[in-house]
Amino acid sequence: MAHKGLPYETVSTRFTDIAAIGDGSYKTIPVIEDKGQHICDSWMIANYLEDAYPNTPSLFGEAGANGPGRSLSQFLQHWGMRAISFPLLHVIIKDIYDRLDPADQPYFRESREARFGKTLEQMVEGREKTVEEFRGGLNPLRTCLDDQPFLSGATPLYPDYVMAAALLWPRAMTPLKLLDDDDPLSPWLGRMLGLFDGLAGMQPKEWVGV
Ligand SMILES: N[C@@H](CCC(=O)N[C@@H](CS)C(=O)NCC(=O)O)C(=O)O
């Protein structure tokens, strides 16, 4: 929404409050509400914004419904989920639990332990090795950034947002260092954090002191 210059208001939402959104059919956040309708799922939201606001800067680098920019962005959305977010979840799941609102903790523990067939504590055993493997898996991003400032070229587009979001999410959740200080990804992440007056590094005011 910042990329498109659209005004918005955010609402921090607990896991256990998701069922209270809209008609109660949503299982995950983010969900946006616009012009009286709700749209759930990051990818669906990006597509909705692209189509509903065609006269704002494109997220996919081109106008039109089915161009290659949109398809390649979807590929990166899937890759980010599989190569970054899933392995990272296994590394930081207990840190997430520790930082959750107490109202969410029983739901989070029960649902995740049932899903993965292990306790949260068992899931993070040996996590240092998982972090090392995860770092190696980021080499395609490093190579891409060797000769351009953003994954999308001279300026950021949806692929930059989706990749940076996956890597910045743990900053709010774990004290564990996921990237070395001299990781070539750090300057790019710094550029991403600087966009829109530092928007990606800001915490909702109700988190201050948490
Ligand atoms: N594919 C979805 C995934 C969103 C997602 O997994 N959201 C998590 C929070 S980050 C959630 O709402 N989980 C609800 C639950 O586990 O009950 C997207 O990109 O929007």
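Modeller: A polar atom in the side chain of Ser58 lies 3.0 Å from the backbone nitrogen of Gly61. This is a predicted model, in which local features need pLDDT of at least 70 and side-chain atom pairs count only at pLDDT 80 or more, while totals for chains, interfaces and linings use all residues. Residues are numbered from 1 along each chain as its sequence is written, and side-chain values use heavy atoms, with hydrogens and water left out.

Ser58 sits in the loop between α1 (42-52) and α2, where helices are DSSP runs of H or I with at least four residues, numbered from the N terminus. Because its relative accessibility is 18%, Ser58 counts as buried (under 20% relative accessible area, with a 1.4 Å probe and protein chains only). If its neighbours within four places in sequence are set aside, Ser58 is in contact (heavy atoms within 4.5 Å) with His3, Lys4, Glu50 and Leu157.

Moving on into helix α2, we find Arg70, which also counts as buried, because its relative accessibility is 9%. The side chain of Arg70 is joined to that of Asp51 by a polar contact of 2.8 Å, a term for a pair of N or O atoms within 3.5 Å, one able to donate a hydrogen and the other to accept it, where residues adjacent in sequence count only if both atoms are side-chain atoms. Along the chain, Arg70 and Asp98 are 28 residues apart, and their C-alpha atoms are separated by 37 Å.

Definitions and conventions: Helices (H or I, at least four residues) and strands (E, at least two) are DSSP runs, numbered from the N terminus. Buried means under 20% relative accessible area, exposed over 50%, partly exposed in between (1.4 Å probe, protein chains only).
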